[in-house]
Amino acid sequence: MISIRGLSARAGSFTIRDISLEIGDGEYFVIVGPTGAGKTILLECLAGLHRLRSGEIRVDERDITSLPPEKRQVGYVPQDYALFPFLNVRDNITFGLRRMGHDKHEINGKVESLAHLLGIHHLLDRNVRTLSGGEKQRIAIARALAISPKMLLLDEPMGSLDVRTAKFLRLELKRFHEELGITTIHVTHNLIEAEEMAERMAIMNVGKIEQIGTPERVFFYPQSAFVSDFIGTPNILDCDHCNDLGHGLMEAVCGGVPIILPYQGEGVRKIALLPREIYVTARKPPGPGLNRFHGTVTEITPFSSLMKLKISVGELSLVAELPQDIFEEMDIKTGQEVFLILKLRSLKVH
């Protein structure tokens, strides 16, 4: 159990304040928020790289607040991985073990174990300057895990990776976590990444925690205007009743509007749909009528480079978004009838 109580710290002119968290043994916990929220500073406080102004940090009831980094039993992977360029891969991984005085036999055994887990046998004698981004990430994780830490801290581990590599390594991180069961705290600005990885997550903004909960709980029950805006201000629809249609499909009726969903063996109480995931057109689209509706535009609001449309569909009032140039091309007016397509894959259920 990691317990953070009343933590405050300053870095330059920026302050994180009164942070309190409880993270369970073996939990994969994600801290997510926009750039400048204070996520990295919080992680560095846990790693022992920042002096606290107030508060305490405990790991399994052991107070580590004043301990130096090397005595905290923390594995830390910074954003840039911070591999030692003058050491090869093997020596990077074993650096902490050698500093701690482990014997050669024990060190070799640990390297073999980590190389098998992370699939890096072929990299052990390589110069780290020759590694790809994904390879550097694996080596940095191996080095962090080599000291058998009580918790693993990952600061934007996917930040410098291309989309394909990041997707693959998210799956790999899940596998490592399932095999090792180590308590992991993962920082990211990417909400999709957070939803995919987290058992629970904390939404952070300007130095404070806005909300803590499972991804599902945060998405369906945002507790502040900031959280709602950060997750995309979803349309939350209450379901009146559900019907099993067979063939792996179900019909959820919300405000008199029948929405078709994959059937997963139980009913649905709420559906969430992001405004950007509603396709709007002034003309009736061709094709089957699955999750296609017509409605009336009741309100139009400019929002940055977008136009937000409030559309009445049955008893529902849905908010959709259109890029301004497409909106102007369609020449949509208040009171106009429009057609909507709800994208099946983008529907979230609770």
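Start at helix H5 (163-180): with 4 residues, H5 gives the most to the lining of the largest cavity. Helices (H or I, at least four residues) and strands (E, at least two) are DSSP runs, numbered from the N terminus.

This is a predicted model, in which local features need pLDDT of at least 70 and side-chain atom pairs count only at pLDDT 80 or more, while totals for chains, interfaces and linings use all residues. Residues are numbered from 1 along each chain as its sequence is written, and side-chain values use heavy atoms, with hydrogens and water left out.

**Stop 1: the cavity**

Select Tyr28, Ile141, Leu145, Leu152, Leu154, Leu173, Phe176, His177, Leu180, Ile182 and Thr184. They line the largest cavity. Its space comes to about 70 Å³. A search of the whole structure turns up 1 cavity of 30 Å³ or more. On a 1 Å grid over the protein atoms alone, a cavity is a set of points where a 1.4 Å probe fits but cannot get out; a pocket is an open set with protein on both sides within 12 Å along at least five of seven lines; lining residues have an atom within 4 Å of a point. Grid points are joined across faces, edges and corners, and a volume is the space filled by probe spheres set on the points.

Colour by element next. H4, strand E7 (151-155) and H5 each supply at least two lining residues. Then colour by type: 9 are nonpolar, 2 polar and none charged. Here Ala, Val, Leu, Ile, Met, Phe, Trp, Tyr, Cys and Pro count as nonpolar, Asp, Glu, Lys and Arg as charged, and the others, Gly among them, as polar.

**Stop 2: Arg138**

Stay on helix H4 and select Arg138. Is Arg138 buried or exposed? Arg138 counts as buried because its relative accessibility is 12%; buried means under 20% relative accessible area, exposed over 50%, partly exposed in between (1.4 Å probe, protein chains only). Show its contacts (heavy atoms within 4.5 Å). Beyond neighbours within four places in sequence, Arg138 touches Leu118, Gly119, Ile120, Phe168, Leu169, Glu172 and Phe176. Phe176 also lines the largest cavity.

**Stop 3**

Now move to the largest pocket, with a volume of about 710 Å³. Centre the view on Pro69, Glu70, Val74, Gly96 and Ile147, the closest to its centre of 19 lining residues. Strand E6 (74-77), helix H2 (89-99) and helix H4 (133-146) give two or more residues each. The lining divides into 12 nonpolar, 4 polar and 3 charged residues.

**Stop 4: between the domains**

Zoom out and colour domain 1 (2-231) and domain 2 (236-349). These bounds come from an automatic or database domain assignment. The domain centres, taken over C-alpha atoms, are 38 Å apart. Across the boundary, 7 residues of domain 1 contact 8 residues of domain 2. About 640 Å² is buried between them, with 68% from carbon and sulfur atoms. Buried area is the accessible area (1.4 Å probe) that two parts lose on being put together, summed over both. Select Phe219, Phe220 and Tyr221: in domain 1 they lose the most area to domain 2, together 73% of what that side buries.

**Stop 5: Thr334**

Finish in the loop between helix H9 (324-330) and strand E20 (337-342), where Thr334 lies. Thr334 is exposed, with a relative accessible area of 53%. Apart from neighbours within four places in sequence, Thr334 is in contact with Val297, Thr298, Glu299 and Ile300. Draw a distance to Lys310: the C-alpha atoms of Thr334 and Lys310 are separated by 9.2 Å.
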